[in-house]
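Me: I would like to learn how to read a few features of a protein model. Could we go through them together?

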Amino acid sequence: MAYVIDLSGKTAIVTGAAKGIGAATARILAEAGAQVVIDDLVPQEAIETLLSEIEAVGLRPDYLREDISDPQQAQRLIQQTAERFGSVDILINNAGVVADWDKSFDVHVKGAYYCAEAAKEIMAANGGGRMVNVTSTCSQSGGTGIPQYVATKGGLFSLTRYLARTYAPLGILVNGVMPAVIMSDMIMTRYESEAEMLEHYIPMMPIRRIGYPIDVARIILFLCSELSGFICGEIITADGGRMHVGI
Ligand SMILES: NC(=O)c1ccc[n+]([C@@H]2O[C@H](COP(=O)([O-])OP(=O)(O)OC[C@H]3O[C@@H](n4cnc5c(N)ncnc54)[C@H](O)[C@@H]3O)[C@@H](O)[C@H]2O)c1
């Protein structure tokens, strides 16, 4: 017997999903049958290609351009989604930045909290839901040289535990994923070329490859599925073994 993940009838919001891990997550959730709402800051024209690509494999996603670090906009994202599609069943807090201390805290911690709080009652009224927060292994290892990024991803790690504890009685399972070394615009800002980036990372990677957005998206899909129905407050490491068994 093959296991099938079927998210038909579910509505999923993915923040920061114009590209990278968020875009791969939006795509895989749509492939599994969910109605996806993509949130990001880019203009509508910049996201048309992604919307069409996802429409080719699932339901056409909606795009909402709300800054989740602003409480009113985070609320609007959740409310508009519920009004258009009747529910919010899945929330992926994925939006991330490399920015100053205040902005990093506003996006990684407060933004995730605003979205979670706005979605909580809607999910509870529907009998429950899933939330997945995208933090980073640096929250545990300490390592990127960007203290405000590390510290606020640590904030999101502990917020995930807080939300999991607080929302579990409402039927909402909150979990997280902490990636590292995933090919993205964010990681490439520190290198001149892909070759230079690979030369730096591959020797440190136990599995001798870097990660790609799909590697993280598959874990998020699992955390949104029935297969993970007994997991609550867990933050899964997605780094090809680098943090625990790397050099
Ligand atoms: N790439 C990696 O190796 C890696 C490692 C660890 C953690 N992460 C985390 O994974 C997540 C996705 O990372 P990525 O590599 O795909 O990054 P990315 O920069 O490609 O995508 C992040 C997206 O978030 C959006 N965004 C930023 N602020 C926002 C806001 N206030 N409201 C709405 N959208 C906003 C950006 O516009 C961007 O499209 C981030 O939270 C990042 O911190 C990435």
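Predicted model: local features only at pLDDT ≥ 70, side-chain atom pairs only at ≥ 80, totals over all residues.

Me: What is the phi of V181?

Reply: Near 55°, a positive value in a residue other than glycine. R208 also has a positive phi, of about 55°, although R208 is not a glycine. R208 is found in the loop between α8 (194-201) and α9, and with 52% relative accessibility it counts as exposed.

Me: Where does N94 lie, and which residues does N94 touch?

Reply: N94 lies in the loop between β4 and α4. A contact is a pair of heavy atoms within 4.5 Å. By that test, and not counting residues up to four places away in sequence, N94 touches T15, G16, I21, G22 and V134. Its relative accessible area is 10%, so N94 is buried.

Me: Which residues touch the most other members of the largest nonpolar core?

Reply: In soluble globular proteins, nonpolar side chains tend to be buried together. A nonpolar core is a set of buried Ala, Val, Leu, Ile, Met, Phe, Trp, Tyr and Cys residues joined through side-chain atoms within 4.5 Å. Here the largest one has 35 residues, and L29, I38 and I92 touch the most other members. Elements that each supply at least two residues of this core include β1 (11-15), α1 (20-31), β2 (35-39) and α9 (213-223). The largest share, seven residues, comes from α1. A second, separate core of 27 residues includes L64, A74, L77 and A119.

Me: How do α1 and α2 cross?

Reply: Axes are lines fitted to C-alpha atoms, for helices over the stretch in contact, and angles run from 0 to 180 degrees between N-to-C directions. The axes of α1 and α2 come within 9 Å and cross at roughly 25°. Angles under 35 degrees count as roughly parallel, over 145 as roughly antiparallel, 65 to 115 as roughly perpendicular and the rest as oblique; α1 and α2 are therefore roughly parallel to each other. The contact is made by A23, A26, R27 and A30 of α1 with L50, E53 and I54 of α2.

Me: What angle do the axes of α4 and α6 make?

Reply: The axes of α4 (residues 101-125) and α6 (residues 147-167) come within 8 Å and cross at roughly 15°, and these helices are therefore roughly parallel to each other. In α4, the contact residues include W101, F105 and Y113, and in α6 they include Y149, L156 and Y167. Ala, Val, Leu, Ile, Met, Phe, Trp, Tyr, Cys and Pro count as nonpolar, Asp, Glu, Lys and Arg as charged, and the others, Gly among them, as polar. The contact of α4 with α6 divides into 14 nonpolar, five polar and three charged residues.

Methods
Residues numbered from 1 in each chain as written. Heavy atoms only, no water. Buried < 20%, exposed > 50% of the residue type's maximum accessible area, 1.4 Å probe, protein only. Helix = DSSP H or I, 4+ residues; strand = E, 2+ residues; numbered from the N terminus.
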